[in-house]
Amino acid sequence: MSLLQSFKLDHLPEDFAVHIALYQNVRNAAFLQQQLLQGNTDFEYAFIDASAILSSTHLLAAIFRAANDKFNDRLKSKNVHAEMVFCLSMNNNIAESFRRFGVSPTTTSLCAIKLSTAPSVNATTVQQHLSESIQGDAVPFNDAEIAHFTDIGKVRKAYKLVDAGKQPRKPKSKGLRVRDAQSQDKNVNSVHGDSRCAEAERRDLEIMVLGLMALRGAT
């Protein structure tokens with residue numbers, strides 16, 4: 001089953017529609033990669049490892065860039081779906097972009113993207129084909145789900161941002177032990193603080209990543 005979501009892209013023709021599905025516990029990633037390598041046109045999708053994606057904005061920025069390049073006849077790769085993977089990259093090395101962002105035999109969380117420019121390719125046909133082809137559990141495509149899969153270290157490495165945007169951690173208190181109830185409250189506050197810190201780090205990292213993607217697109 002595919003929980004497919006469809007989007008219209010601003011500033012592009014009405015017949016350009018993007019269909020996106022997100023999966024976890026993918027069990028046939030090697031098969032999917034092989035279809036791409038063999039040039040099987042039935043599998044003309046952008047299959048992206050979700051562990052390399054920070055948010056829906058991160059992914060949609062690459063999708064829009066690729067669709068816009070297709071509309072303006074500026075594709076640098078073999079088709080618009082390959083271009084989506086390429087547009088995630090900070091440099092012009094297409095092969096490297098597939099190694100860092102594309103599906104691999106070890107992929108367990110996956111974004112599947114299809115751009116339709118003809119009535120014959122629509123949400124119904126895409127959902128049916130994905131449901132038949134991907135062995136995995138479909139989940140909603142949203143930031144909360146994506147966050148479960150993101151490997152922050154992997155994203156930092158892909159964009160050469162090893163330390164940039166990291167939030168400082170508060171030092172642990174060296175004071176005297178307090179009552180259990182107070183200690184539990186502090187633990188809860190610490191957890192909430194860590195969560196807010198992680199969210200701020202993710203937002204800062206996303207801003208830098210989008211900037212690097214835009215700079216690559218401008219060259």
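Trainee: What is the order of the elements in the protein, from the N terminus on?

Mentor: In this predicted model, the elements run β-β-α-β-α-α-α-β-α-β-α-α-α. That gives 8 helices and 5 strands.

Trainee: How many of the residues count as buried?

Mentor: Of the 219 residues of the protein, 41% do.

Trainee: Where is Gly136, and what does Gly136 touch?

Mentor: Gly136 sits in the loop between helix H5 (123-133) and strand E5 (137-139). Leaving aside residues up to four places away in sequence, Gly136 touches Tyr23, Gln24, Asn25, Val26 and Arg27.

Trainee: Why is Gly136 called buried?

Mentor: Buried means under 20% relative accessible area. Gly136 has 17%, so Gly136 is buried.

Trainee: Let's turn to strand E4. What makes E4 largely enclosed by the rest of the structure?

Mentor: Count the residues: 7 of the 7 in E4 (residues 110-116) are buried, and therefore the strand is largely enclosed. Both faces take part. Leu110, Ala112, Lys114 and Ser116 point one way, Cys111, Ile113 and Leu115 point the other way, and all are buried.

Trainee: Which strands are joined to E4?

Mentor: Strand E2 (residues 17-24) is joined to E4 by 7 bridges, and the two run antiparallel. Strand E3 (residues 46-49) is joined to E4 by 4 bridges, again antiparallel. To find your way in the viewer, look for Val18 opposite Leu115 and for Ala46 opposite Ile113.

Trainee: How do you know that these strands pair with E4?

Mentor: Pairing needs at least two bridges. With 7 bridges for E2 and 4 for E3, each strand meets that cut-off.

Trainee: Now helix H2. How do you know that its length agrees with its number of residues?

Mentor: H2 (residues 56-71) has 16 residues, and at 1.5 Å a residue they should span 22 Å. The end C-alpha atoms are 22 Å apart, so the two values agree. After H2 comes Asp73, whose phi is positive, near 55 degrees.

Trainee: Which residues of H2 are buried?

Mentor: The buried ones are Ser56, His58, Leu59, Ala62, Ile63, Ala66, Ala67, Asn68 and Asp69.

Trainee: What makes Asp69 and Arg65 a salt bridge?

Mentor: The cut-off is 4 Å between a side-chain nitrogen of Lys or Arg and a carboxyl oxygen of Asp or Glu. The closest N and O atoms of Asp69 and Arg65 are 3.4 Å apart, which meets that limit. The two residues are 4 residues apart in H2, so about one helical turn separates them. An α-helix has 3.6 residues a turn, so residues three or four places apart point the same way.

Trainee: What else is linked to Asp69?

Mentor: Asp69 also forms a salt bridge with Arg74, with the closest N and O atoms 3.1 Å apart.

Trainee: Last one: why is Arg156 called buried?

Mentor: Arg156, in helix H7 (residues 152-158), has 5% relative accessibility, under the 20% cut-off, so Arg156 counts as buried. The side chain of Arg156 reaches the backbone oxygen of Leu161 at 2.7 Å, and a polar contact needs N or O atoms within 3.5 Å.

Methods: Residues are numbered from 1 along each chain as its sequence is written. This is a predicted model: local features need pLDDT of at least 70, side-chain atom pairs count only at pLDDT 80 or more; totals for chains, interfaces and linings use all residues. Side-chain values use heavy atoms; hydrogens and water are left out. The expected span of a helix is 1.5 Å times one less than its number of residues. Buried means under 20% relative accessible area, exposed over 50%, partly exposed in between (1.4 Å probe, protein chains only). A polar contact is a pair of N or O atoms within 3.5 Å; within protein, one must be able to donate a hydrogen and the other to accept it, and residues adjacent in sequence count only if both atoms are side-chain atoms. Contact means heavy atoms within 4.5 Å.
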